[in-house]
Amino acid sequence: MDDSPLDRLDGRLIALLAAEPRIGVLECSRQLGVARGTVQARLDRLRARGVIRGFGPELEPAALGYPVTAFATLEISQGQGQDVRAHLASVPEVLELHTITGQGDMLCRIVARSNADLQRVIDRVVGFDGIVRAATAIALENPVPYRVLPLVAQASGTD
C-alpha cells in the first residue's frame, strides 16, 4: 500500500471540489481529464478513509447572528469527562470541543450574539457540576481561518 495518504489526482480533485463545491462528478472528470468512474471511485475512497467528511455548506456564525467568538479552557472534575462532553454538546453555541494537554482539560470554541450574550453562554457552559474552572479569551479577529487545503497540497505533492 502507498504510504502517502493522497496522490496528485486526489489533491487535484479535492482542490477542485473546494473551489467549486457544487460541481458534479461528470464535470470533475472533464476538468481533471479522467474518466467519470475514476472520479467516483476516488470520491468513494476518500470518503471511506475519512479524508472527505461531507459536502455540506460552510456556514459563517457571524452571518447567523453570532459575531462574537471565544475560546474557553475548562478544568473538569476527575471522572466527569463523559458527562461534561454530553453537557457541552447540548449547548448550541459550543462549536467545537477538544480535550487538551497543558493548562486545563478541555478547550471549546463558543460563539455568542454579543459580549453581553457571551456571559449567558459562559454561565451555561460552566453551570455544570463537572466543570471546576473556566478561563475564557475573546477572539478579536481570525487572520488565518480554519483551512486544510495547504495540507492537501503538501500531502499530495501538488504544492
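Tutor: Contact here means heavy atoms within 4.5 Å, and helices are DSSP runs of H or I with at least four residues, numbered from the N terminus. This is a predicted model, in which local features need pLDDT of at least 70 and side-chain atom pairs count only at pLDDT 80 or more, while totals for chains, interfaces and linings use all residues. Residues are numbered from 1 along each chain as its sequence is written, and side-chain values use heavy atoms, with hydrogens and water left out.

On this basis, Leu9, Asp10, Leu13, Ile14 and Leu17 of H1 meet Thr38, Val39, Arg42, Leu43, Arg45 and Leu46 of H3. By class, this contact of H1 with H3 has 7 nonpolar, 1 polar and 3 charged residues (Ala, Val, Leu, Ile, Met, Phe, Trp, Tyr, Cys and Pro count as nonpolar, Asp, Glu, Lys and Arg as charged, and the others, Gly among them, as polar). The axes of H1 and H3 (residues 36–48) come within 11 Å and cross at roughly 85°, where axes are lines fitted to C-alpha atoms, for helices over the stretch in contact, and angles run from 0 to 180 degrees between N-to-C directions. H1 and H3 are therefore roughly perpendicular to each other, a term for angles of 65 to 115 degrees, whereas those over 145 count as roughly antiparallel.

The latter term applies to H1 (residues 8–19) and H6 (residues 149–156), which pack at an angle of about 160° with their axes 8 Å apart and are therefore roughly antiparallel to each other. Here Arg8, Gly11, Ile14, Ala15 and Ala18 of H1 meet Leu149, Val152 and Ser156 of H6, and by class this contact has 5 nonpolar, 2 polar and 1 charged residues.

Notes. Helices (H or I, at least four residues) and strands (E, at least two) are DSSP runs, numbered from the N terminus. Angles under 35 degrees count as roughly parallel, over 145 as roughly antiparallel, 65 to 115 as roughly perpendicular and the rest as oblique.
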